[in-house]
Each structure stands twice: as C-alpha cells, then as structure tokens.
Amino acid sequence: MAKNLLIVESPAKAKTINKYLGKDFHVLASYGHVRDLVPKEGAVDPANDFAMRYELIEKNEKHVEAIAKAAKSAEAIYLATDPDREGEAISWHISEILKERGLLKGKALHRVVFTEITPRAIKAAVDNPRQVAGDLVDAQQARRALDYLVGFNLSPVLWRKVQRGLSAGRVQSPALRMIVEREEEIEAFVPREYWSMEAELNHPQQAFTARLVKLDGQKFEQFTITDSKAAEAARARLVKAAGDALRVTDVVSKERKRRPSPPFITSTLQQEAARKLGFTTSRTMRVAQKLYEGVAIGEEGAVGLISYMRTDSVNLSAEAVAEIRDVIARDFGTGAVPDKPNEYKSKSKNAQEAHEAIRPTSALRTPASVAKYLDDDARRLYELVWKRTVASQMVPATMNTVSVELAAGSEHSFRASGTTVIDPGFLAVYEEGKDAKTSEDEDEGRKLPPMKTGQTVPLGSIHTDQHFTEPPPRFSEASLVKTLEEYGIGRPSTYASIIQVLQNREYVYLDNRRFRPSDVGRAVANFLTGHFMQYVDYDFTAKLEDELDSVAAGEAAWIPLLERFWKPFKATIDEKSESVDRSEATGSRVLGVDPKSGKPVSVRLGRYGPFAQIGTAEDEDKPKFASLRPGTSMHTITLEEALPLFNLPRSLGQHEGKDVTVAIGRFGPFVKLGDTYASLGKTDDPYTISFEAAVELVRAKIEMIANRTIKVFPGTEIQVLNGRYGPYITDGEKNGKIPKDRDPASLTQAECEELLLAGKPVRKGGRFGKKVAAKKVPAKRKAAAAADASAPAPGKKAAVKKAPARKAAKKAAKKTAKKATKKASKTPARKAAPAKAATRKTA
C-alpha cells in the first residue's frame, strides 16, 4: 500500500496526477464537497456564535469512506483540493472528518496547492506543503452561513407573500434586481427622433463619405435636428453653400499604439466565450474544468492543458512568460517580441495576485497540435485561451488615424476619418470582442484617399437620415458578468452559478441570447427592492464581499461580521412578515372595468403563474379567470389585451355528434373532442384555431394512440410501444432502449427482459404520472381551490385558511421541544426550530 495519500476534488484530476507521483502516492477524489449544512432550520445558530451543524453529503458518503479507509494505512496525508476558498474549505472538512474518526493521530497532514496540473507544478506543490489556511476557511464558512441565513429566513417570507416554492439568495437577488431594473428602463423608455447628414464625395482615386460636424457655425450634435422639415431645410442650405465640391481645410494624421488585452481571468474568459463562441457561463466553466483536469493527448496520456480557471489574477509566472516569448519569436518573428515582458495590473482590489491568470500549461502545445484530441467545445475554448495568452505578450499594434475636415462654404463642415494598421503586432493573433461598436470601431480598417489642405473634392450628394434613440440593451451573459464584476457583486467563481440559479428558478429566461425577467422574477425583485432594499442594494452586497475578503486576508474576524448582518436582518424579516399585504407583494394590477359585467379586471400572480381575473373574491358570483398568452407580461398587459383572454374555452362546433372545444390548461392550450384531448402545436393559437385544424389534431392523437402498441407479451407487463421519441420497451416499472439496428416488432420476450435490466425507472407523478387521491376540501374552500387550479388565485381569505396548519406546526414544535429537553440541555425554543423547518420544507 502507498505510504502517502493525496486527495483531490475530481476523479479526472486524480487520474492525471496519479501518473506524475508514482507508486509512493495513492490519489483519491472527494468528488467535490463532502459536507454541507444540515438542510433544516437551526443549522446555523446565531445564539451560539453562529455554530454550524454539518452532515455528510449523501451522494459522496462512499467516497468519504474510501478516503477514510486509505487514511488508516497512510503515513502522510496531502490535501490537494482546488486553490481557492471553496477548495480550502473542502480540505478543512476532510481533515475534520478524519480527525473526528481518530485517523490523524501520529500522521503528517499537509495542504498542497497548484494552479496547473503538470509534473513540475505537482512536484513543486508536494515538496512545499503548508497547513490548511484558517482565514480562508473562516471566510468560506461565513459566506456559507450568510447564504444559509438569507435563504432560510427570507424564502419563507416569499412563500407567504408572493408564491410558494420561491427562494431568495444573498448574491442572486441583487443580480435579479439588475435584470428587472433594466427591463423597467426599457419599458419606460420614450424614443427621441434625431437626424444625421452625410456627404457622398467622388474623389478621383476613391469615393468616400463624410459626416456633418458643423452647421450654421455651430457644432452639429445628436439632437440639433429633430424633425424632417428642419432636416430638409438644413440639407438645402448645405447644398447651396457647397455647390459642386467641398474644400479640404485640415488633414491630421496621428500614429497611436494599441496594447493587447491582459490574459484571461474567470470573468473575462466567460465574457469572451459568450461573445465569440456563444457559450453560456456554465458551459464555459464546464469545458475549462475538463481542460484543467486533464485530456488524453496521444502517448502522453492525460495532460492538464490550461491553468486553474477560477482566478482574478492577471499575472503569469516567469517560466510561462519565457516559454510564450520563445513561441512568439518562433512563429511571428523576433520583431513581435517586446524588449521586456508585458505586465498587467488587476482591476480587482481583492485579486489574489499569488495566483496566475488562465493560460495554457505549455504554449508549445499550439491549438493545431492538440485539436485532434479535443472535442469541438474543448478545441475552441483552448484556442481562445492560447491566442489570448500569446497575444498578451506581443508588441502593441501600430495604427495610423487620418482625419480630414471638409468645408461647405464658411458656416458648415464635414469630417471623414479612417484608421489603418501599420504594424499588426498582437492583432496578428487575437483581438478582444466588444458588446457594442463605437464610431472609432466603424472607422477602423477604413482607408481614405490622399488629400491636402486647400484641395477641393467633387460632391456627389448630401443626404439626411432619420434615427430614433434606442433603449438600453438587455443584458447578455457577457455584459451581465461584466456589470456584476464592476459592481463588485459575487466573485469570479460565483458568476456562472448566479446566472444558473436565476434560470433554474425561472426568474429569468434568455430571449435572443438576452436576459428577460419572468413575471415571477419581477414580483420577487420588486418585493425585495420594496421591503428588503438594503439586502439587494449593490453597494451593500459589494461591501459585504469586501468584508469577506478581509476575513480571508486575516484582517477581520468572521463572527462579528455575521452579527452585524444578522441582527438588523432578523428584525426586518419579523416586521415585514406581518406588515406586507400579499396583493401588493405579487404586483397585482387593476386594468379597468369589464364593459359587459361592470366588474374590475385585474392581473395577478398565482400558483401556476400570472392570470387575469374579472371580479373579486368578495363578489356574490365566483370570479372568472384566464391564463395570460405566452410572451405576455402581467406588468405590461392592457385591458384591451386582457378581455379577449376570457373567450376561452371556445366552442368550435360538433364533429360526429360530439362538441369540439379549445381551452388552456395547466400544461398549455388543448383541443377536446368528447373524451379525447390533444395539445396544440407551437404555432397554433387557441384564440384563432379553426374547426378543421382542431379536428385534425384530435384525429392525429387518436391515430397515435391506436398505433402506440407495437407488441405485447401475454402473461407479462412487458410491451413494445411507440413513444414521443421513438419505439421503446416498458414493463410499467422500467423503460428500456431498443438497439438502432433492431426492428422493434421482431424483439423476443427474452431480449426485452435483458434490455429492461439496463433501463431507467419510469417517472412517477408529474404531468403523466400516477394521480394521488384528493383530500377532502371544506365547502368554503372549494371556490378558492377551483381558482387555484386554473391559475392560482388565493385571495386574502385563502391565506387566512392556512392558520390551522401553522397552529398544528406550533403544537408539534412544542412537543418536540419537551422531548428534546429530557435528552439534552438545549433550550426548548432552539430545539423547536427544526420542526418549523420541516413543516416549511414539506409545504
């Protein structure tokens, strides 16, 4: 048995490192985090110095057991988890588990850190171990405690006031606010008209255009002309003053240098991969992780191709810079290598400068040399990292900008500019992408013909162009990451998870690769902004991140930080839980009055999303409900758009003596013919679909059901069926795949049984799962329940009806507390808390 045990986070990394360390080392993976807070209220105890209760993560228990078993026989243990706060915390958790089990007695425990997986880096790390950094662990514990306290205390307020099942996050909530505020800016935006003018010039060598910069002796600005009449009058004055030519009054030629961008850090890699490759932040990190941990490169075996991808440092090691300069000299000539290496300063005040930027582990491995070993995503991302790193150590690009002033009479003038590249420098390898183009970008690459002062240039025409100002653009993944970074919200390692959480919770969605908030997302953001402003405030969130960085640097203690946060936060939670009205929290709006009934028409947020309502819960007649159309927001819908929603269900006529109707249910629009239901297609509109089209949908559904069964085996539950994605085997418990080269009808029972062994369990519950027997509902609550089914509309009365459940929870909590008092010395109140948490979780 190897005398040294080295523990990393991922099995891929373990495999790569194993071959570098030899037989004296046994390398095992923890498979990420090994412990987390117990998912109950009271896991963080503010009354006991924020004591934190951890438990093993169930899916990783077997990996922890393997580590514990290996630790028994090891002489020394090396903790080699990732070189960041989370990695440090994982190392601490592993050491705590081993200590609790008495497996560290008489054994050396080392913490080793490396930012690239190469033989040199691994050997250097093992030869220079350190202890687990307590400050970094404290910072990570404080971060986890803050996230827990916010989630477990703020989320239940959202359940009661907005919608069940919602959650709030310490960092995600400010990011959501950012997206919602941008959407509100766009909705409130009023476009302004403005006009521009250009002269078309017919120079003998090359035609070009020039834009108007001076009109009637004054500087021509964006809103100098704001209507067509003024534009046409100005054009007439310009044509008259110019005659048939413009006169060159000034020619300025400037040479400038353009420096390369620094090598990638996490955020800039995410931004560039989004702009240039169309990757999401999570996809970028997933591919980068694979490149870092190791890819099989021919006879070399598994090789780590890039350095650690979670970093905010722009530094490169001296060895890496020397190798990069050699590659530049070899491939682009010595003239492309600067006299001394380019150095960059991090914009982040809390950057961990000891780390390196993201770079190839060896610049000698060109993208072309490793392309055949990589899948498409890995190849493209590696090429991006390689080019950016190499370009960062090249000479600047030399640009020449020529600007020509051309007069039209004495009162008016035009300007033409062009920029040409004299020496491409780093541009021969790489150029950073941009989210929006400027006028300078438009001039780049444009070459003007040679001109001298006093020369006249023939005028072809002068034309005017109408424009309207545009609202600020919605955030793309790249621009959102950039803005989060600028505000100091989150840290490089968290950007991908922030975005992923917002999408998973369906608070935001991508529309043409731009983020738009859902109605639920807007309700959450507006509620938090209105009642918990401090905790979604950008400066407050950034300041908290700075304080966590101070803990990591050993400059501050973590418990006082948590105390400063917790006391005012808890007071706000208690106050808002009682004072906020639910209809206000959900963003309900009254649109006007229904002309037929005279009752108010409103839009509300219910259990299954936004819906329109005619009437109120207090009316003698039950209110009418209607779901909103896809793409419609409850925050922008008008009365005129809402009234047609109540035309459903529509009766289209009769087919073979049965009614044909169309309506919208929980899972979308559908057609009903007798007892047969058929979903509408993506392009079908329930408000306009014809009788013929509806009948055809039902006919296709009946035919599909008739053709569903391919083969049945008598005396068994095994069937071969046609499914949505093609033929498959099922026995009611498992679904099995059919080999592509087999005719489903030719399968034997024995073959089906064998294929089912490797099948997946049938999904229970959900849209197509088994139905659960309904509980009896008191008569008074039936109306509220019916409203909830169409588009959850629990009014104030329904909310009051929840009181008995809360009382029952309190009773249970008291009983639990009494029992707990006998078993332990903890106070009843503290022990009662988990009972409440369990009630909430079940709900």
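## A parallel sheet

Strand 1, which covers residues 4-8, pairs with strand 2 in the parallel sense over 5 bridges, and this description, like the rest of the report, refers to a predicted model. Within this pairing, the bridge partner that L5 has in strand 2 is H26.

These strands belong to an open sheet of 4 strands, whose order is 2-1-7-8 and whose pairing is parallel. The edges are formed by strand 2 (25-29) and by strand 8, each of which pairs on one side only. On average, and with direction ignored, neighbouring strands of this sheet are turned by 20° against each other.

T115 lies in the loop that runs between strand 8 (108-111) and helix 4 (119-127). Because its relative accessibility is 18%, and buried means under 20%, T115 counts as buried.

Leaving aside residues up to four places away in sequence, T115 touches P83, Y292, S307, Y308 and E356. P83 is 32 residues from T115 in sequence, while the two are 6.8 Å apart in space, C-alpha to C-alpha.

## Helix 14 against helix 15

The axes of helix 14 (residues 477-487) and helix 15 (residues 495-504) come within 11 Å and cross at roughly 120°, and the two helices are therefore oblique to each other. The crossing in which helix 14 passes helix 15 is right-handed.

In this contact, E477, L480, V481, L484 and E485 of helix 14 meet Y495, I499 and Q503 of helix 15. The residues of the contact divide into 5 nonpolar, 1 polar and 2 charged.

Notes:
Residues are numbered from 1 along each chain as its sequence is written. This is a predicted model: local features need pLDDT of at least 70, side-chain atom pairs count only at pLDDT 80 or more; totals for chains, interfaces and linings use all residues. Side-chain values use heavy atoms; hydrogens and water are left out. Buried means under 20% relative accessible area, exposed over 50%, partly exposed in between (1.4 Å probe, protein chains only). Contact means heavy atoms within 4.5 Å. Two strands pair if DSSP finds at least two bridges between them. Axes are lines fitted to C-alpha atoms, for helices over the stretch in contact, and angles run from 0 to 180 degrees between N-to-C directions. Angles under 35 degrees count as roughly parallel, over 145 as roughly antiparallel, 65 to 115 as roughly perpendicular and the rest as oblique. A crossing is left-handed if the near helix is turned anticlockwise from the far one by less than a right angle, and right-handed if clockwise. Ala, Val, Leu, Ile, Met, Phe, Trp, Tyr, Cys and Pro count as nonpolar, Asp, Glu, Lys and Arg as charged, and the others, Gly among them, as polar.
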